[in-house]
Amino acid sequence: MTDRVKVVRDDTLLTIGAFAARARLSAKALRLYDRLGLLAPAHVDEATGYRYYRAGQVERARLVALLRRLDMPLARIAEVVHADGDRAAGLLDAYWAGVEARVAGQRTLAEYLRGRLTGRDSDVYGKFVVETVDVPEQVVLSESRHVLADELPTWIGASLGRLEEAARDCGGVTAAPFVVYHADVSAESDGPAESCVPVADAAAARAWSEERGRARQTRVRVEPAGRLAYTRITKAQVAFPQILAAFGAVEEWIAARGLTVTGPCREVYFADWEAAGPQDPVCDVAFPVR
């Protein structure tokens, strides 16, 4: 006897139990997706409160479930499922790039912690190449703030952006921007940190600071010439606390050679941060030495 196949049309209403089975989801998950606006029932019975779904909604339900398999937050999933094809794909790409950057940073942190736990810090530090470079005297526009570690990335990006824009009226940027740490910045300690952008025209920089820099206490100062001991790190390695391994490597290198630290440590940003991938070099971790 020939089996009869029942074809379910897209507009057929299904109970939440039948729809859950078809979509391979639980009724509890469907109620959550409804509450968050990810997947609303096609019809809710006013008298009983029963939810009914159309067969054509199965594809969206499965899409939501698959995105959850990527550990995508529900708020981000809402953006994806409500976007059109190309934009939805772009949102997925942006999310996954963030995941890869986070994993790359966590991998670096795990290597650092493994060395700490086993007492083989030098094995971790040995992966960093430390060199020295002589830098000339620089006139810099700077902005300082007491900031904790979790606030630091946002503040660095914003402050350097403001200073680079101001530099256009001060003869332009003459060297890579950098951030100086005058005291420890961590989850408990708030620095302060100082963002610095070298500029060409000292007089113009002072005039700009007097006229427009007071709101953020922008100042002009001279960074003296000197020698830096530094190691170059990738975008993934910049994240806190994995960047601590780079600072530790430079400090160990300095001590092993009998050099003296003559000023606060710093991060020198020489690359386009937004365009860089997780494994692209973007920053020098450095200490002034003699």
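1. How many bridges join strand β6 to β10? Strand β6 (residues 178-181) and β10 are joined by 3 bridges and run antiparallel. Within this pairing, V180 has R266 of β10 as its bridge partner. Helices and strands are named here from DSSP runs, numbered from the N terminus: helices are H or I runs of at least four residues, and strands are E runs of at least two. Two strands are said to pair if DSSP finds at least two bridges between them.

2. The basis of this note is as follows. The model is predicted, and local features need pLDDT of at least 70, side-chain atom pairs count only at pLDDT 80 or more, and totals for chains, interfaces and linings use all residues. Residues are numbered from 1 along each chain as its sequence is written, and side-chain values use heavy atoms, with hydrogens and water left out.

3. Strand β10 also has a partner in strand β11. The two run antiparallel, and 4 bridges join β10 to β11 (residues 281-289). Among the facing residues, R266 stands opposite A286 in β11, and V268 stands opposite D284 in β11.

4. Strand β10 (residues 266-269) is covered on both faces. R266 and V268 lie on one side, E267 and Y269 on the other, and all are buried. Buried means under 20% relative accessible area, exposed over 50%, and partly exposed in between, with a 1.4 Å probe and protein chains only.

5. These strands belong to an open sheet of 8 strands, in the order β4-β9-β11-β10-β6-β7-β5-β8, with antiparallel pairing. At its edges are β4 (130-135) and β8 (219-223), each of which pairs on one side only. From one strand to the next, the twist averages 35°. For axes and angles, lines are fitted to C-alpha atoms, for helices over the stretch in contact, and angles run from 0 to 180 degrees between N-to-C directions.

6. Two helices may be described together with this sheet. Helix α8 (residues 202-212) lies across β5 (138-145), β7 (193-199) and β8, and runs at about 150° to β8. Helix α10 (residues 243-256) packs on the sheet, touching β4, β6, β9 (226-234), β10 and β11, and its direction makes about 35° with that of β11. Contact means heavy atoms within 4.5 Å.

7. A further sheet is formed by 3 strands; this open sheet has the order β1-β3-β2 and antiparallel pairing. Its edge strands are β1 (13-15) and β2 (43-44), each pairing on one side only. Helix α1 packs on the sheet and touches β1 and β3, with its direction at about 95° to that of β1. Strand β2 is joined by 2 bridges to strand β3 (residues 51-54), and the two run antiparallel. In this pairing, H43 stands opposite Y52 in β3.

8. Helix α1 (residues 16-23) also packs against helix α2 (residues 27-35), at an angle of about 100° and with the axes 9 Å apart. The two are therefore roughly perpendicular to each other. Angles under 35 degrees count as roughly parallel, over 145 as roughly antiparallel, 65 to 115 as roughly perpendicular and the rest as oblique. I16, F19 and A20 in α1 meet A27, L30 and R31 in α2. This contact has 5 nonpolar, no polar and 1 charged residues. Ala, Val, Leu, Ile, Met, Phe, Trp, Tyr, Cys and Pro count as nonpolar, Asp, Glu, Lys and Arg as charged, and the others, Gly among them, as polar.

9. For helix α4 (residues 74-81) and helix α5 (residues 85-118), the axes come within 8 Å and cross at roughly 150°. α4 and α5 are therefore roughly antiparallel to each other. On the α4 side R76, E79 and V80 meet R87, A88, L91, A94 and Y95 in α5. The residues of this contact divide into 5 nonpolar, no polar and 3 charged.

10. Two single residues complete the note. Q237 lies in helix α9 (residues 235-238) and, at 18% relative accessibility, counts as buried. Leaving aside neighbours within four places in sequence, Q237 is in contact with T108, F128, Q242 and I243. R290, in the segment after β11, counts as exposed at 65% relative accessibility.
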